[in-house]
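User: Could you take a close look at the aromatic rings in this one, and at whatever sits around them?

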Amino acid sequence: MKVWTVYWAQTLRTRHYMTKSALLFLLSVFILVYIGGCGEKLPEGLPKLVPVKITVIQDGNPLEGAVVSIVPVGDAGKWSFGGTSGADGSFNVLTHGKYPGMPQGKYKATVTKTIEIRPQLNESDPPPLYALVVDKKFGSKDKTPFVFDVPSTEGEIKLDVGKAVKIELK
């Protein structure tokens, strides 16, 4: 009986020591990864990005599936910005489709949304027919009324595209 008790006492001490060692090892790895950084590095020349949330409204309600493209005012720039609105009409702006936020500055936004009004179910059917449900002026960077400033801190922008339209695309 005494041998059995000594065996278990030594086993528990060893297991406790191994568990403690394993925890210290994992903690060390976590700290190294955190300090060293993991993930993709930002592209060279990318300015500081500010979190920006955009909400698209149509007929007083959130507009799901609206595609928003954003361009700097007065400067072509080499970065692209935008996103697609979700069920609540909003999205967080991404730079180059993957970096959250956009640089501080003045911008224009275009908004488009296309729906399929006649699908092509079989090869013998005529091709599908699509329609714009947002007025064309909102989709043109020369005619869009949406001009806004991105502040140096987090911002939220609302884009109201007015009444729904149905303009068939041919």
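Analyst: Let's start with what counts as a ring pair: rings of Phe, Tyr and Trp (its six-membered ring) pair if their centres lie within 6.5 Å, and planes under 30 degrees apart count as stacked, over 60 as edge-to-face and the rest as tilted. Keep in mind that this is a predicted model, where local features need pLDDT of at least 70 and side-chain atom pairs count only at pLDDT 80 or more, while totals for chains, interfaces and linings use all residues. Residues are numbered from 1 along each chain as its sequence is written, and side-chain values use heavy atoms, with hydrogens and water left out.

Searching the whole structure turns up three aromatic pairs. One of them is stacked, because the ring centres of Phe 138 and Phe 146 are 5.2 Å apart and their planes meet at 20°. Phe 138 is buried (under 20% relative accessible area; exposed is over 50%, partly exposed in between, with a 1.4 Å probe and protein chains only), its own value being 7%. Phe 146 is buried too, at 11%. Elsewhere, ring pairs tie Phe 81, Tyr 107 and Phe 148 into a cluster.

Now for Lys 143, which lies in the loop between β10 (129–132) and β11 (147–150); strands here are DSSP runs of E, at least two residues, numbered from the N terminus. Lys 143 counts as exposed because its relative accessibility is 61%. Lys 108 is 35 residues away from Lys 143 in sequence, yet the C-alpha to C-alpha distance is 9.9 Å.

Technical notes: Helices (H or I, at least four residues) and strands (E, at least two) are DSSP runs, numbered from the N terminus.
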